[in-house]
Amino acid sequence: MEPLSRTVEALLFLSAEPVTESELAEACECEPEDLGAALEELRAAYAPGARGLEVRELAGGWTLATTAESEAAARRLLAKPRTPPLSPAQAETLAIVAYLQPVSRPEITRIRGVSADSAAGTLLERGLIEESGRSPFGAVLYRTTPLFLRLFGMVSLDDLPDVAEWDPSPEEEADLRERLLRAGEARAGAQPATQGGPEDEPVDGEDPGDDPAGEEPPHDEPPADD
């Protein structure tokens with residue numbers, strides 16, 4: 001391995017965070033072209049399956065990372081309390097910020113239908129989102145951080161899955177709507193009405209549009225945030 005490649009290898013080993021190419025070139029006092037050749041040599045030396053480490057490009061920089069095969073053994077060796085997983089509210093909020101950034105809390109609240117204050121606060125504390133200025137109305141705007149890219153294994157936000165992949169077909173949308181309606185009826189304590197049966201016929205003197213019980217079915221309360 002060339003001396004420059006060995007130096008870059010040492011720098012990546014020493015750094016706990018991904019190192020950008022400009023930082024590596026400055027530290028090594030080399031030209032970008034020479035650095036690129038050194039990185040290519042390192043990537044070949046750490047090709048998948050060759051070692052327990054690999055050279056990966058993450059969050060706009062380069063890092064030495066363990067391979068997926070060694071993850072279980074590494075967890076056993078370095079066992080410690082794990083960071084709590086994201087709650088559904090936090091995951092929803094993080095997804096909205098990732099796709100719509102910069103975005104404000106009022107906008108997140110309108111999209112989710114419930115307050116986003118608690119979820120956004122937790123994401124701020126965990127370093128997954130950060131403030132990114134203010135909207136014309138004075139609301140704080142939020143964006144994702146490099147830590148978000150690193151934890152989710154992405155080089156940039158361009159690696160986010162295309163939301164069009166989850167657009168349902170008309171048949172899937174109709175099926176989903178029917179399932180949601182049945183679930184809502186079950187929660188409200190009502191039985192789904194059958195079509196074409198004698199139960200559908202109105203009783204003499206009864207308006208078909210009236211509720212036999214004389215009152216509207218109960219509505220679900222909006223879900224709590226966290």
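**A guided reading of the predicted chain**

Of the 226 residues in this chain, 24% count as buried. The secondary structure amounts to nine helices and five strands. Among the contacts in the chain with a separation of 6 or more, 50% are accounted for by residues 24 or more positions apart.

Helix α1 packs with helix α3, which spans residues 32-45, at an angle of about 75°, and the two axes are 9 Å apart. Because angles of 65 to 115 degrees count as roughly perpendicular, α1 is described as roughly perpendicular to α3. On the side of α1 the contact involves Leu4, Ser5, Val8, Glu9 and Leu12, and these meet Asp34, Leu35, Ala38, Leu39, Glu41 and Leu42 in α3. Sorted by class, the contact of α1 with α3 contains seven nonpolar, one polar and three charged residues.

Leaving aside residues up to four places away in sequence, Ser5 touches Ala38, Glu41 and Leu42.

The chain next reaches a pair of strands. Strand β1, residues 53-58, and strand β2, residues 61-66, pair in the antiparallel sense over six bridges. Within this pairing, Arg56 has Thr63 of β2 as its bridge partner. The two strands form a hairpin with two residues between them, and Ala59 in the turn has a positive phi of about 50°.

The axes of helix α5, residues 88-100, and helix α7, residues 117-125, come within 9 Å and cross at roughly 75°. That angle makes α5 roughly perpendicular to α7. The contact is built from Ala89, Gln90, Thr93 and Leu94 of α5 together with Ala119, Ala120, Thr122 and Leu123 of α7. The residues of this contact between α5 and α7 divide into five nonpolar, three polar and no charged.

Seen from α7, Ala119, Ala120 and Leu123 are buried. These residues cover an arc of only 95° around the axis and therefore lie on the same side of α7. The elements that cover the buried residues of α7 include α5, α6 (105-112) and β4 (129-134). Just after α7, Gly127 adopts a positive phi of about 80°.

Helix α5 also contains Ala98. With a relative accessible area of 6%, Ala98 is buried, as this value falls under the 20% cut-off. Not counting residues up to four places away in sequence, Ala98 touches Thr144, Phe148 and Leu160. Ala98 can also be related to Tyr142: the two are 44 residues apart in sequence, and their C-alpha atoms are 9.3 Å apart in space.

Key
Residues numbered from 1 in each chain as written. Predicted model: local features only at pLDDT ≥ 70, side-chain atom pairs only at ≥ 80, totals over all residues. Heavy atoms only, no water. Contact = heavy atoms within 4.5 Å. Axes fitted to C-alpha atoms, helices over the stretch in contact; angles between N-to-C directions. Helix = DSSP H or I, 4+ residues; strand = E, 2+ residues; numbered from the N terminus. Parallel < 35°, antiparallel > 145°, perpendicular 65-115°, else oblique. Nonpolar A, V, L, I, M, F, W, Y, C, P; charged D, E, K, R; others polar. Buried < 20%, exposed > 50% of the residue type's maximum accessible area, 1.4 Å probe, protein only. Arc of directions from axis to C-beta. Pairing = 2+ DSSP bridges.
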